[in-house]
Amino acid sequence: MSSWFKRKEKGIQTATEEKKDTPKGLWYKSPTGKIVESEDLAKNFYVSPEDDYHVRIGSKEYFEILFDNNKFRELDEKLSSKDPLKFVDTKKYSERLKVAQQKTGLKDAIRTAVGKSMGKEIVIACMDFSFIGGSMGSVVGEKIARAIDVAKRKKIPFLMISKSGGARMMEAALSLMQLAKTSAKLAQLAEAKVPYISLCTDPTTGGTTASYAMLGDINISEPGALIGFAGPRVVKDTTGKDLPEGFQTAEFLKENGFLDFISHRRDLKQKVNLYLDLIQNQPVRA
């Protein structure tokens with residue numbers, strides 16, 4: 001019997017290395033176990049239709065959702081980090097940057113762009129978690145600052161989409177300086193009376209939360225997003241108390257006054273522009 005399984009003439013057996021695997025990305029399995037075709041997922045704004053789970057997406061997908069016809073002009077697209085501290089952990093920071101850039105096709109953990117959304121110009125800065133956990137380094141802070149300058153100069157609204165694990169430890173104090181830098185720029189934007197909407201997505205944590213992510217004229221989120229400064233375990237160990245159910249979820253934060261509203265991704269473009277019209281006392285766009 002064993003020899004029968006080893007026969008290769010007439011194609012009875014196919015060697016393992018010759019078998020064709022199912023193409024990766026054809027299906028997506030949500031955390032609740034729901035299976036959905038990747039094509040259907042994209043058509044549904046990258047939200048699992050059965051359980052409404054909002055899949056983590058990056059700047060490419062958010063730009064597609066928010067900019068009219070996916071048309072925009074990217075700002076400072078070639079800006080990339082250096083390694084002034086010559087930092088080394090399990091590998092050199094310079095090497096980590098190179099690997100992240102090759103793997104993601106991004107220069108750093110954020111992209112900024114200007115274009116039209118529902119017919120009116122807007123500046124959007126969107127973080128990418130796929131690039132070193134969406135960590136905030138000097139380039140992230142600089143690109144946000146420059147994007148704010150464009151919004152201020154052109155007198156058009158600014159939308160910040162946060163998705164970050166926090167400050168980038170490989171840049172140490174240079175990373176932490178970005179908290180003050182971006183906050184100061186947002187203060188200038190407020191003085192110029194230019195609207196700023198902050199969209200917190202899953203996850204928004206660390207120094208990102210401690211600076212620009214919570215400074216919006218309107219702070220919004222997607223359903224189920226993790227939003228906080230330190231992780232639940234660290235908070236529990238520090239306070240010595242059990243945490244409330246749903247602690248650091250978008251729903252918990254909205255209930256306790258930290259968010260203005262939570263928007264399903266399919267409604268995001270309409271909701272952002274609705275609030276911009278209301279803030280600027282302009283006719284509401286259909």
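Modeller: One convention before the residues: contact, or touching, means heavy atoms within 4.5 Å. The model is predicted, so local features need pLDDT of at least 70 and side-chain atom pairs count only at pLDDT 80 or more, while totals for chains, interfaces and linings use all residues. Residues are numbered from 1 along each chain as its sequence is written, and side-chain values use heavy atoms, with hydrogens and water left out.

Colleague: Okay, S117 then: which residues does it touch?

Modeller: Leaving aside residues up to four places away in sequence, S117 touches L66, D68, I122, K269, N273 and R285. S117 lies in strand β4, where strands are DSSP E runs of at least two residues and helices H or I runs of at least four, numbered from the N terminus.

Colleague: Buried or exposed?

Modeller: S117 is buried, at 2% relative accessibility (buried means under 20% relative accessible area, exposed over 50%, and partly exposed in between, with a 1.4 Å probe and protein chains only).

Colleague: What order do the strands of the sheet have?

Modeller: The order is β3-β4-β5-β6-β7-β8-β9, in an open sheet of seven strands with mixed pairing (two strands pair if DSSP finds at least two bridges between them). The edges are β3 and β9 (261-262), each with a single partner strand, so one side of each has no neighbour in the sheet. Helix α3 (residues 59-66) packs on the sheet, where it touches β3, β4 (110-117), β5 (120-127), β6 and β7, and its direction makes about 10 degrees with that of β4.

Colleague: And β6, how many of its residues are buried?

Modeller: Seven of the seven are buried, so β6 is largely enclosed by the rest of the structure. From β6, F158, M160, S162 and S164 point one way, whereas L159, I161 and K163 point the other way.

Colleague: Which strands is β6 joined to, and how many bridges are there?

Modeller: Strand β6 (residues 158-164) runs parallel to β7 (residues 196-204), with six bridges joining them, and L159 stands opposite I197 in β7. Four bridges join β6 to β5, again in parallel, and M160 is the bridge partner of A125.

Colleague: Switching topic, how many disulfides?

Modeller: There are zero, taking a disulfide as a pair of cysteine sulfur atoms within 2.5 Å. The sulfur of C126 has its closest cysteine sulfur in C200, 12 Å away, which is too far for a bond. C126 is buried at 0% relative accessibility, and C200 is likewise buried at 0%.

Colleague: What about helix α5 and helix α6, how do their axes cross?

Modeller: The axes of α5 (residues 138-154) and α6 (residues 172-191) come within 9 Å and cross at roughly 5 degrees; axes are lines fitted to C-alpha atoms, for helices over the stretch in contact, and angles run from 0 to 180 degrees between N-to-C directions. The two helices are therefore roughly parallel (under 35 degrees; over 145 is roughly antiparallel, 65 to 115 roughly perpendicular and the rest oblique). Among the residues that meet, I144, A145 and I148 belong to α5, and K185, L186 and L189 belong to α6.

Colleague: Last one, where is the place of S80?

Modeller: S80 is in the loop between β3 (72-75) and α4 (93-104), and at 28% relative accessibility it counts as partly exposed. S80 touches Q101, K107 and V139, again not counting residues up to four places away in sequence. S80 and V139 are 59 residues apart in sequence, yet 6.2 Å apart from C-alpha to C-alpha.
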